[in-house]
Each structure stands twice: as structure tokens, then as C-alpha cells.
Amino acid sequence: MPIQPLAPIPELFVSYESAQKLKTEAADLPSWDMTPRQICDLELLMNGGFSPLKGFLTEEDYTSVVETMRLADGTLWPMPITLDVSQNFADGIEPGQDIALRDQEGVILAILSVGDKYTPDKAREAEMVFGADDIAHPAVNYLHNVAGPVYLGGAITGIQPPVHYDFRARRDTPNELRAYFRKLGWRRVVAFQTRNPLHRAHQELTFRAAKEAQANLLIHPVVGMTKPGDIDHFTRVRCYEAVLDQYPSATTTMSLLNLAMRMAGPREAVWHGLIRKNHGCSHFIVGRDHAGPGKNSQGEDFYGPYDAQDLFKEYAEEIGIEMVPFKHMVFVQERAEYQPADEVAEGSTVLNISGTELRRRLAEGLEIPDWFSFPAVVAELRRTRPPRSQQGFTVFFTGLSGSGKSTIANAMMVKLMEMGGRPVTLLDGDVVRKHLSSELGFSKEHRDINIRRIGYVASEITKNGGIAICAPIAPYTATRRSVREMVEAYGAFVEVHVATSIEECERRDRKGLYKLAREGKIKEFTGISDPYEAPEAAELVVDTEGMEVDFCAQQVLLKLESMGLIAG
Ligand code: PPS
């Protein structure tokens, strides 16, 4: 059957003149400053990447998507695209009203005609969409700890796309890609989705897929939001550019997709298929553990390695795009080539470097063999990820007041300065409260703001190659986790639980605060009248009872050495 030439896909933008007019009028509307994830979603809503969606999901569509993977009218759509807002903002908004959606600099990107506002059942959303209400899943964590409590649904009127200053020439809307394919006469196009640098296994897989599908190849990496801890998109795009000449330019192209991934495995694969269909592709590669989020809090995989392929297969016809399934590709030494794991002849020597192993080799400055990757890619990765002993990192002490955090942290700072090499900053609880958080008290909300500020400063120090030593109480697991994520985007995060018991802290009572807390003269005092959630997976636990400060600081130093953060 001949394949129809690609027609343009509907976008949600109004004409330039209308947009100018709307922009002026929108100045009087209530406005919502969108989060980075919402901006990604809005871009794909407006440019047709999320077609047939016309806006953020209303409650009826949301419930239907969560429960059945379909919009209320029955159309297949597996991912809830929702506009989450704060309770405070939602309280001032009524259905029927228009609101201006702005980027983080305040530029108006779109108008939302609010259809309804609703409070979602987030636990249910987590179970149904991500398979478990477990915050080890990055999207479930986002849902509970980042996203606002109320969703606004309604149609979008697009004014302008979000502005990107990076890699502009490599970003294409669905219609730009469709026009490109039309112009080149590409009727069959197989898309390769990725959030990682391309190594030789990926090249082999994409070549094979293009051959199997008798199609042209679109390398379509995600540059919106990916899994926390992934290699940043700037580095990745430089890596992609470094290997593009390994592909025949007459049959292959690369374009960047500003998608905010959810790591939802099977549902995500179906969603990715719909998005690629909208971008004019006829085929889509689904490999092993597509959009996998890693391990759950029991240490098991959230999804089976081929669950995504199974679900895709079930819906392929409706998605309107053909799946090119792939098994895990491995290097077969005797043949000096990559093969799908299930095609390898018995008795062959199979070589493989996992993502974790690659990170280890980069972190330790070890060899990365040519059979695994391209020298240009490795050079680019090494530029961004120098060995750990040259990277910035954060040591985050947490524990009760009077547990000895500050004393150990001070000792650590001096020892690290004695070693030299990297600048060291101490963000002690008391110091931070004086210089960064003087207006804050000790409510949960204020403690969270305080810790996030510390996390932000520590992540900047880490990014710039320094050592940040933090020593706040930081009593909440979720907040410590979000600080960890902020820092791990740039370097190691070493959580040290100073596990001195409440009895011992109270016995010492070096500042006399426990006495005041017992007398009720200090309210919300951690360990007495306010909670302390002890870390369950800290890199190190130190108990100061009966221990010299010097010994405790040594334990931390040894930990840093064993993690490769300081040279042995
Ligand atoms: S938090 O929860 O992480 O924001 O607390 P933090 O900023 O580390 O607290 C700094 C010091 O404030 C003193 N202090 C209190 N601690 C706990 N609860 C209450 N209500 C309180 N009020 C004052 C306390 O001395 C903390 O210092 P450290 O160094 O931990 O003893």
C-alpha cells in the first residue's frame, strides 16, 4: 500500500497579529509562572507534538487517561498532561477564567482557558500510570514532592513557543520535521529515542533498525527533562554531533526533542510512539527497558525489560506507527561486532559495559575501550566528567541539634583545606540561618526552604568544582532527597548521618536549648516536639558517643577516599 505524503499537523498557535493583541490583553490576566516541566509540556502541546491534545487535561480526561490510557472520547493517550498549581493560586481561579502562562522570565507563552480545577488522587495516579506509589520512581517523587496539589484543565491558545538559545538549528517542530521528510521524499522514517550519549551499540542498533524497516533514520534525542542524574543535554548533544559523521547523511538526520520524560516504561513507550507519529515518523525503535526508571525501594526493577515492547505491540495499530523491537545489543569478541543478545552463538565471548560501569570508568579515569564507544564521544564525556578526584562534591551532615555535626564538619573542612586542590565552603546550620535564612523559623515549611537554599548553594559549589560541607539538622527525608538530586546533577552527594541519640544530645545540651524545649519555651524543637526522620540509606553513619571528633572526621575522610573523591 503506498504511504501518503505527510500533511501538516494542527498546532495551537494563533496568527502573529492575534498573538500580539493577546499578549497585550494578557497583561491584565492572572498569570502562572510555569515550571521547567510544564514549559516542556506546553511546547509540545502548542506545536502539535502532543496532538490530539488541545490543552491540559480536564478532570474527566485525566481520570480516563489514568484509569484506561484513553481520553474521555476513547482516543488512546497514556500520559496525564496536567497543569499542577499551588493551592494558593488555585483558590484565586474559577473555571471559565483565562490565565496567562509565562516562562521563568515572565514571557507570556500561552493563554489557558480554565475548564476546571480539581484535586487529583496522586496515589492512584502513581499506581496506575507508574505502576507503584513508590517515591523511588522519579516521576512519583515529582508527583508527591514537587508538583502542586491542584490541577487546572482547559484549552490552550498558543502565543509563542518557549525560546531556546542552545542548539537552535537542531530543534524542529513536528511540522518542520514533516516538511523536511516531505522535501527529501522520506516516506518511511524510523525514530530512535534516547537520553544517553550514542555509543557503538546504539549505532549498530539504529543501522539494523533502519535496514529492517527499510527506512530513513531519525535520531531523536530528548533534551527536555530526563532521569535525574543523567548526563546533561549540552554534553550529550556535543556527543551526538561528534558521531553524526559515522552515519550516512543522505539517509539519516538528527533533531532534538524538548520532551519532559516521566520514565514510565511501558506507558511511556506508547506515548513516545504517539509523539514520533506526530513528528512524521512511520517506525519507532523500542529497545530493552525503554524509559526505565531503575530500581524501586525494594531494590527491584519497576518494569520487566520487555514490558514496554509488549504494551506497544498491543497498541501499535492505534498509535499508527510500527514498532521496531530490539533486544539488548552486546559486543561479540570473536566476531568483533555487535549482535542482539538473543542471536549470539553459544560459547561466544560477550562484552558489555553497563551505564553504571561507564560512569565508574569515567569517575575513576579508567580506560573506555574503542569497541564500546567512539574516541570523540569519550573525549567529550571526559571533558564534562573529569575523574571524581577532580570534581566538586557535597558532604551533607544531618542529625539532631547538638549531635556533633558542626564540630565534625569544622574538623573536616580544616583537613580538606590542609590537603588543598579544591576550594572548601562550610554551610553550617547556624551560619546559614544567619546569612541566608535569617527570616525563617522552624516550621516544616521554613525548614524545607532553609534546606533547599543550602542545597542550591551546595549544588552551585559542586558544579563549579568546589567542596561544600553542609551541617543542618535537615529532619525530612523528602527534602534531603531533593537536595541530593540537585547536587547529583553535578557531582557526588555524600550523606553523613550523625546518629547521636536524642538522650545523649539532651544530656550534653551544649546550647541549653533542650532544657528550654522541655520547658516549652522553644516550640517545634527537633527530637522533642518536632520530628526527625532518620536517613535510611546514608553513605555513612557516625555515632559520636564515646568517639573523638578527630576519629569521626577521619571516618568521613576514609569514606571520601573510598568513593574516589579525594586522591588516596
Ligand atoms: S533545619 O531543621 O535543618 O532547618 O534546622 P537548622 O537550620 O540546622 O537549625 C540550626 C540551629 O537552630 C537551633 N534551633 C533549633 N533546632 C531545632 N528545632 C528548633 N525549634 C530550633 N530552634 C533553634 C539549633 O541550635 C540548630 O543548631 P544545631 O547546630 O543543629 O545545634
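Helices (H or I, at least four residues) and strands (E, at least two) are DSSP runs, numbered from the N terminus. The structure is a predicted model, in which local features need pLDDT of at least 70 and side-chain atom pairs count only at pLDDT 80 or more, while totals for chains, interfaces and linings use all residues. Residues are numbered from 1 along each chain as its sequence is written.

The domain assignment divides the chain into domain 1 (16-158), domain 2 (168-384) and domain 3 (388-562); such bounds come from an automatic or database domain assignment. The centres of domain 1 and domain 3, taken over C-alpha atoms, are separated by 36 Å. For residues 391-543, the end C-alpha atoms lie 28 Å apart, with 44% helix and 17% strand.

The peptide bond from S51 to P52 is cis, with omega near 15 degrees, and P52 is found in the loop between α2 (36-46) and β2 (55-56). M69, in the loop between α3 (59-68) and β3 (83-85), has a phi near 65 degrees, a positive value in a residue other than glycine. To describe burial, a residue is called buried if 20 or more other C-beta atoms lie within 10 Å of its own, exposed if 12 or fewer, and partly exposed in between, with C-beta atoms placed from the backbone. M69 is partly exposed, because 19 other C-beta atoms lie within 10 Å.

An open sheet of 3 strands has the order β13-β12-β14, with antiparallel pairing. β13 (337-340) and β14 (350-351) stand at the edges with a single partner strand each, so one side of each has no neighbour in the sheet. Two strands count as paired if DSSP finds at least two bridges between them. Strand β12 (residues 329-332) and β14 run antiparallel and are joined by 2 bridges, and F331 stands opposite L351 in β14.

Parallel pairing is found around strand β18. Strand β15 (residues 393-398) pairs with β18 over 6 bridges in the parallel sense, with F393 opposite A492 in β18. β18 also pairs in the parallel sense with strand β19 (residues 540-542), over 3 bridges, and V496 has L540 in β19 as its bridge partner. Of the 7 residues of β18 (residues 492-498), 6 are buried, so this strand is largely enclosed by the rest of the structure. In the loop between α19 (513-518) and β19 lies E524, which has a positive phi of about 45 degrees although it is not a glycine. E524 is partly exposed, because 15 other C-beta atoms lie within 10 Å.

Among the 21 residues around the ligand, S401, G429, F442, P472 and I473 come nearest. The elements that give two or more residues to this shell are α15 (429-435) and α16 (444-463). By class, the shell has 9 nonpolar, 6 polar and 6 charged residues. Here Ala, Val, Leu, Ile, Met, Phe, Trp, Tyr, Cys and Pro count as nonpolar, Asp, Glu, Lys and Arg as charged, and the others, Gly among them, as polar.

Terms used. A residue is near a molecule or strand if its C-beta atom, placed from the backbone, lies within 6 Å of it.
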